[in-house]
Amino acid sequence: FNGGVFKAIPLRQRMLDVLGQWINPKAGVRELLGADLDRAVAGGAAYYGLVRRGKGIRIRGGAGRSYYIGVETSLPAVPGSPPPIKALCVVPFGMEEGTESDVPGQEFGLIVGEAADFRFLGSTVRHNDTVGTLLDEWQGQIDELAPMSTTLEAPGKQGQMVPVHLHSKVTEVGTLELWCISRDGKQKWKLEFSVREQQAD
């Protein structure tokens with residue numbers, strides 16, 4: 001346990017009871033005695049800072065899914081049907097927190113200064129896709145997650161199309177940052193998706 005709230009014995013006991021029902025209904029689970037509950041989170045943060053400097057042991061997790069952005073194809077749309085969507089891998093399965101990667105080989109036209117929708121996709125079964133993998137047929141293996149609607153501000157360029165490439169990063173706090181970087185590198189826009197919330201089915 002950590003955090004001062006768990007000084008309350010009834011809360012600790014209730015947590016142990018619930019975990020015991022999930023993990024081992026017959027024997028329950030055993031509480032591990034730790035340090036000062038008030039300082040446990042701060043102690044963990046300090047230790048993590050040491051780990052980042054190579055002075056400790058890091059427990060690695062990584063993304064529990066592969067993540068994709070939906071990209072509209074250039075094929076003519078069928079009247080009454082949405083345009084076909086390709087899935088572009090921006091985070092491969094197992095990509096570790098605190099790491100980032102350019103999405104190679106793709107450039108997109110980004111319309112700035114107007115509302116835009118970004119379709120966010122994920123898969124728990126496609127473990128071998130790498131950053132930049134573009135899939136035409138993905139239904140049944142990749143699920144569509146919550147879309148994001150936002151306006152990417154660019155003063156004086158409302159409605160213009162800006163050529164961009166993508167750069168992805170999985171942060172230590174469980175968010176996926178997807179950066180849209182202009183061809184000349186002078187402008188960039190950040191989209192944030194909560195990876196941990198999406199994994200909680």
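Start by selecting the charged residues: the mean positions of the 22 positive and 24 negative charges of the protein chain are 9 Å apart. Lys and Arg count as positive and Asp and Glu as negative, with His and the chain ends not counted; each charge is placed at NZ of Lys, CZ of Arg, CG of Asp or CD of Glu.

The model is predicted, and local features need pLDDT of at least 70, side-chain atom pairs count only at pLDDT 80 or more, and totals for chains, interfaces and linings use all residues. Residues are numbered from 1 along each chain as its sequence is written, and side-chain values use heavy atoms, with hydrogens and water left out.

Next, show the whole chain as a cartoon. The protein chain has three helices and twelve strands (DSSP runs numbered from the N terminus: helices are H or I of at least four residues, strands E of at least two). Its radius of gyration is 22 Å, well over the 17 Å that the globule rule gives for 201 residues, so the chain is more spread out than a compact globule. That radius is taken over C-alpha atoms, and the rule is 2.2 Å times the number of residues to the power 0.38. Along the principal axes, the C-alpha trace spans about 60 × 40 × 30 Å.

Now select Val90, Val91, Leu110, Leu166, Trp189, Leu191 and Phe193. Of the 30 residues in the largest nonpolar core, these touch the most other members. Such a core is a set of buried Ala, Val, Leu, Ile, Met, Phe, Trp, Tyr and Cys residues joined through side-chain atoms within 4.5 Å; buried means under 20% relative accessible area, exposed over 50%, partly exposed in between (1.4 Å probe, protein chains only). Strands supplying at least two residues each include strand 1 (66-72), strand 2 (85-91) and strand 12 (188-194). Strand 10 gives the most, with four residues.

Center on Phe193. Not counting residues up to four places away in sequence, Phe193 touches Ile69, Phe120, Met148, Gly174, Thr175, Leu176 and Leu178 (contact: heavy atoms within 4.5 Å). A second, separate core of eight residues includes Cys89, Leu121, Leu135 and Ile142.

Move to Glu137, in the loop between strand 7 (134-135) and strand 8 (143-144). Glu137 is exposed, with a relative accessible area of 67%. Ala87 is 50 residues from Glu137 in sequence and 8.3 Å away in space, C-alpha to C-alpha.

Finish at Glu31, in the loop between helix 1 (9-23) and helix 2 (40-52). Glu31 is partly exposed, at 28% relative accessible area. Beyond four places in sequence, Glu31 is in contact with Phe1, Arg12 and Leu16. Glu31 and Glu137 are 48 Å apart, C-alpha to C-alpha.
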